[in-house]
Amino acid sequence: MTDDLIPEGFAPHSRKSPITQPWEPLYASAQPDRLVLATRIREAHCNSRGMPHGGFLAALADNAMGLSLGANLANANLPAGGLVTVSLTLDYLGSAKLGQWLEFDTDFVKLGRSICFAEATVRADGQPIARARATFKVLDAKAAA
């Protein structure tokens, strides 16, 4: 896979954020029950050893899980004024290198009216390199309006 090849089903991620701006370009694949985030690993994502930094992996896993929970809340007609992360853990299972395609795929959600849970797998060229788990607080939709 060349640096310019983006897998089918992915398009530029439209939701921009100051925290993710240095890591652009980011891509997304909208599924009915989740949003898969992805990017091609570049130097801006890496630590001094040339591997994706753990903080980078954590931030994008957190982002993917929050967006996926938001989609699931909307599908379930559960009002939410947004989500904030209460806790986040990552287990690092392997490593990745420059040029690999990195995906952040939320594969478990449990919805609640005030607290939601999610798990995600981070894959480099299809191989799991991290597993993330998070708890999110659902913000009051009325307070956000």
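My entries below go through the aromatic pairs and then the cluster.

I noted that this is a predicted model, in which local features need pLDDT of at least 70 and side-chain atom pairs count only at pLDDT 80 or more, while totals for chains, interfaces and linings use all residues. Residues are numbered from 1 along each chain as its sequence is written, and side-chain values use heavy atoms, with hydrogens and water left out.

I searched the whole structure for aromatic pairs and found four (rings of Phe, Tyr and Trp, the last by its six-membered ring, pair if their centres lie within 6.5 Å; planes under 30 degrees apart count as stacked, over 60 as edge-to-face and the rest as tilted).

I looked up Y27 and W101, which form a tilted pair at 5.8 Å centre to centre with 40° between the planes. This pair links distant parts of the chain, 74 residues apart, with Y27 in strand β2 (residues 27-31) and W101 in strand β5 (residues 101-110); strands (E, at least two residues) and helices (H or I, at least four) are DSSP runs numbered from the N terminus. I find Y27 buried at 15% relative accessible area and W101 buried at 4%, where buried means under 20% with a 1.4 Å probe and protein chains only.

I then turned to F56 and F104, whose ring centres are 6.3 Å apart with planes at 90°, so the pair is edge-to-face. F56 lies in helix α1 (residues 54-75) and F104 in strand β5, so this pair ties together parts 48 residues apart in sequence. F56 is buried at 2% relative accessibility, and F104 is buried at 0%.

Finally, I recorded that F10, Y27 and W101 form one aromatic cluster.

Methods: Buried means under 20% relative accessible area, exposed over 50%, partly exposed in between (1.4 Å probe, protein chains only).
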